[in-house]
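Dear colleague,

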Amino acid sequence: QVQLVESGGGLVQPGGSLRLSCAASGSISSTYVMGWYRQAPGTQRELVAYISSGGTTNYADSVKGRFTISRDNAKNTVYLQMNSLKPEDTAVYYCYRNQGLTYWGQGTQVTVSS
């Protein structure tokens, strides 16, 4: 089993920044893909960004140039730096880790509003 603990969500004004963190613990594999999905009310969950154990990253078109995913392997932690936030970024953000099986965090609310 793998446990994922997220932090860093909150309320921010348009144009502001937030950094989400996701720490993994438990039966950690050295081969993985880890990243973030988000889900706004009444919409489907969508992929925001991911990073692989090999360092490959991928971003949704809607966040390219504004969001950056990174990792700290020593801490088994992935970060999502979100800049130039827009109201349409408002959603619950879910961390996930795929290492054969997929594990999910509990979700953290990000609200972008003036």
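Predicted model: local features only at pLDDT ≥ 70, side-chain atom pairs only at ≥ 80, totals over all residues.

Residues are numbered from 1 along each chain as its sequence is written, and side-chain values use heavy atoms, with hydrogens and water left out.

Rings of Phe, Tyr and Trp (its six-membered ring) are taken to pair if their centres lie within 6.5 Å, and planes under 30 degrees apart count as stacked, over 60 as edge-to-face and the rest as tilted; by this rule there are three aromatic pairs. One of them joins Tyr37 and Tyr96, whose ring centres are 5.3 Å apart with planes at 70°, so this pair is edge-to-face. Tyr37 belongs to strand E4 (residues 33-39) and Tyr96 to strand E9 (residues 91-99), so the contact ties together parts that are 59 residues apart in sequence (strands being DSSP runs of E, at least two residues, numbered from the N terminus). Tyr96 is buried, at 8% relative accessible area, whereas Tyr37 is partly exposed at 23% (buried means under 20%, exposed over 50%, partly exposed in between, with a 1.4 Å probe and protein chains only).

Tyr37 also pairs with Trp104, with centres 5.4 Å apart and planes at 65°, so that pair is edge-to-face. Tyr37, Tyr96 and Trp104 form one aromatic cluster.

The charged end of Arg45 sits over the ring of Trp104, 4.8 Å from its centre (the rule asks for NZ of Lys or CZ of Arg within 6 Å of the ring centre and within 35 degrees of the ring normal). Arg45 also lies over the face of Tyr94, at 3.9 Å from the ring centre.

Definitions and conventions:
Helix = DSSP H or I, 4+ residues; strand = E, 2+ residues; numbered from the N terminus.
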